[in-house]
Amino acid sequence: MASNPPAKVGPTALGKIVLILFVLACIAGAAYYFRDMIAPKGNQAAKQIDIGAFQQQQGKVEAPDTKGVTTVNEYTYVPAEKLPPVKGVSGYKWDAGEKVVQFPINVWIGWLPIVAANHGFSPNTDSIFFKEYGFKVNLKLIDDPVTARDAFAAGESQILWGTLDMMVLFAPELMRDSRTAPRIYQQVDWSNGGDGIVVRGNIHSVKDLKGKTIVYAQNSPSQYFINNLLLASGMQPSSVNHKYTATAFEAAAAFVSDKRIDACVSWAPDIYSIPEKVTGTRILTTTSEANKLIADVWAARADFAKDHPEVIKGLVAGIFKGMEKLTDPTFKSQAFQWMAEGYGMQVDEVKGMANDAHSTNFAENRSFFLNANDPANFERTWKNTTFVYRELGLVGTPVRFDEVMDFSVIKQLESDGTFKNQQDTYRTTFAPTTYKKVTAEAPIVTQTIRINFYPNSSNIYEPQHDDIGSAIANTLYDPTVEATLEKVARLAGQYERAVIAVVGHSDSSMKGKGTRYEDVKQLSLDRANSVKQALVKKFKFDPNKFIIEGKAWDEPADPDDPMNQALNRRVEISVYPPEAK
Amino acid sequence: MGPGARGQGTGDTATPPKPLTPDPGPRRFLAIRETIPSWMSWVLGVIPILVLLLVWVVMTAGGEAEKRIISPTILPSPFEVVGSFGSLWFDRALTRNLGISFGRVVLGFMVAFAVTFPLGVLMGAFTKVKAAFTPLSVFGAYLPIPTLVPLTMSLFGTGETQKVVFLALAFGIFLLPQTVAAVDAVDDIYLKTAYTLGAGPVQAVRKVLLAVSWPEIYQALRLGFGVGWSYILLAEMVDIGKGLGGIIIISQRRGPREHIYLVLLIIVVMAFLTDKLWVIVGRRLFPYREARR
């Protein structure tokens, strides 16, 4: 109303707002359009894993071998030809006068033979390593694997402790430098009850975990344990809600404190104390059943191994000698004492861990490193881990097993004959039992496999047939049968102590067409039996480990789609806990 | 850290009104409290960074891993680190994780502020309150914070609450004594004047203690905000996967090594930018503070 206001230039207030809104909308629109550039989801977002590929990949260990194997099949190559050569100047710390190997370990009873051989943690002249091989060993408690790895990479220690599955994760980075490439010469133990899965409520089988929340330490044996089980039972890992902690101890604590978490993968003693203290929780499975799943090993820096092969041989042999000496109870209690001192724990606490691990002697190492038909050998453990971790998007370019495994020392010791008295006694013998008895409890895990049987045949190695029905030589009706068997063998090998039920199912295409039910049942039983026989023959399993059953057409694979005959023709492999607990 | 990010902590003032500088005497290379032009402070700030970078380049120079002074299994070269930016951005969802971590830090900070601010002001104002809470506050300052991770987890679960509470604890332990000190520092003369004018205790706290100490409290908040970033790794140890801490923890196990250092660089850049933001907001909130200096 003022007589002569200065003439306003530019947009009105409303105009400004509209303009600002327009600009903001443009920015928002652009941001939305380029959202995958600005804020990509990352490649670890839940992706569907091709379970079929899991089955295929598992078989790619070797070419189909229809002859079957009757003798132990050993590697014949020379390790040095496959191991990456060491270049440059060695980068580890070493005093040629003192000769002290820096050997970090974590809190784990499996290292007892090393503590025993070394007569304690500190370098000393009483140790087997010094008396027999002329060098000393300094055992250092480095519980955190990342710290141990960094000390190894920096050359502060020449040795790295770990489980074989952890080595799969560490290896690609460490191999960027040929000097820090890990070389694995010896298995020290199998986890034998030390790792386990504790669940809440009415989870009785791995299948029941679907849609549930599970907590565990990422990049640890726990992660391998649970995801291997999920994949073996044909479940997508993304069908379970995973929560990660830094350590297994924290996983157990999280499970106890947070009722929304349905399961945890952790270590002893927590896995045993939780079901005692927390009502409504129970153990689903532990490595006392999956007693050949998690292998503890040690690796040496490649440059150190190259410069000091005699030290490597001395370490391997000294550890085997430590295992021998531990059979003496007096010496064993002394070893417990040393270990307790090194860990700063009570002797009783250390003794309480005694059953968590099984030390693997020379004979077991021989099988682990050299026997190509051992269903739980180095190669299979390595490949299985690599596969699980690659499917989870955790490893990019995987490292081949023969780039880290060096069996040359085991071979040398064999030709020396030093440990020929050590026997592989870590084999479960099974008493004959019945399907009904075994299946009284729920299976831990059920794996469904499909073998394309030739109609009315139970021969898994059935050749293809031509138009007039005669067999074609050197062909297989199901060319993936070896891969399928391999898959079963791995699970059965990992669950060395468990009973495996092999259940054959047939389709119902001839139902009501004059076919006798008994014949169908017999056919499904024969098919289960032929799977069992093939496994026993190739992998030298105890025949009593497998219980067979034929279910004819009684149980369709998918109750909602009973006429899906392709699905119905199948064999189910179920792992049951051993009867005597 | 950019040039003088911390160095400007006490004088956010690029161009302060000419202070009464004492006679500098004969010109020498280092004079006490001399005034230098802003370009010089930039240059002086950049030099150490360049030297550090140069050392890094030299220590990791050479193509083959075996020929370097420091192996890439420990420290990759700066070029390799920068070169992994693409995979960090796309494969590991850098922006999302950065946003998540930033959100946690901000939330933890707000929770800590909501608790320590009233408590700190009361402690600064009332001696009895101070006497009651000082021992706890001292204990907190000596506390090894990492030990609180399992404790917060058993109390607050494994979800977001635990992370925010853990960060809030870390923030609170830092902020509480700072807030008390800020209120403490208010000159008695203001209080006396207020009493003379008939102010009651509530007014004295609100209109005098608080009003005068606000800029100092703000300064404490600004310095304290950085604390959260140093604890993000610990906070994100539970339910690893999301956040920058998760990226570091996972890269330590299975690589790539480059991402560890790259995330560290990104945290530094974030710290620098947020600090600048604090400074800019501070200038708007307390323009008189600049004049006072």
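**Chat about strand S15(A) and other spots**

Me: Which strand is joined to S15(A) by 5 bridges, and in what sense do they run?
Reply: Strand S12 (residues 445-449) of chain A is joined to S15(A) by 5 bridges, and the two run antiparallel. Strands are DSSP runs (E, at least two residues) and helices are too (H or I, at least four), numbered from the N terminus. Two strands pair if DSSP finds at least two bridges between them.

Me: What am I looking at, and how is it numbered?
Reply: This is a predicted model, where local features need pLDDT of at least 70, side-chain atom pairs count only at pLDDT 80 or more, and totals for chains, interfaces and linings use all residues. Residues are numbered from 1 along each chain as its sequence is written, chains are lettered from A and ligands numbered from 1 in the order in which they are written, and side-chain values use heavy atoms, with hydrogens and water left out.

Me: Back to S15(A). What is the bridge partner of A:Gln447 there?
Reply: A:Ile573.

Me: How many bridges does S13 make with S15(A)?
Reply: Strand S13 (residues 499-505) of chain A pairs with S15(A) over 7 bridges, in the antiparallel sense. In that pairing, A:Ala501 stands opposite A:Ser574.

Me: How many residues of S15(A) are buried?
Reply: 7 of its 7 residues, 570-576, are buried. Buried means under 20% relative accessible area, exposed over 50%, and partly exposed in between (1.4 Å probe, protein chains only).

Me: Which residues sit on each side?
Reply: A:Arg570, A:Glu572, A:Ser574 and A:Tyr576 are on one side, with A:Val571, A:Ile573 and A:Val575 on the other. In a regular strand the side chains alternate between the two faces of the sheet.

Me: New topic. Where does A:Asp402 lie, and is it buried or exposed?
Reply: A:Asp402 is in the loop between helix H17 (378-391) and helix H18 (408-416) of chain A. A:Asp402 counts as buried because its relative accessibility is 7%.

Me: What does its side chain make a polar contact with?
Reply: The side chain of A:Arg400, at 2.9 Å. A polar contact is a pair of N or O atoms within 3.5 Å; within protein, one must be able to donate a hydrogen and the other to accept it, and residues adjacent in sequence count only if both atoms are side-chain atoms.
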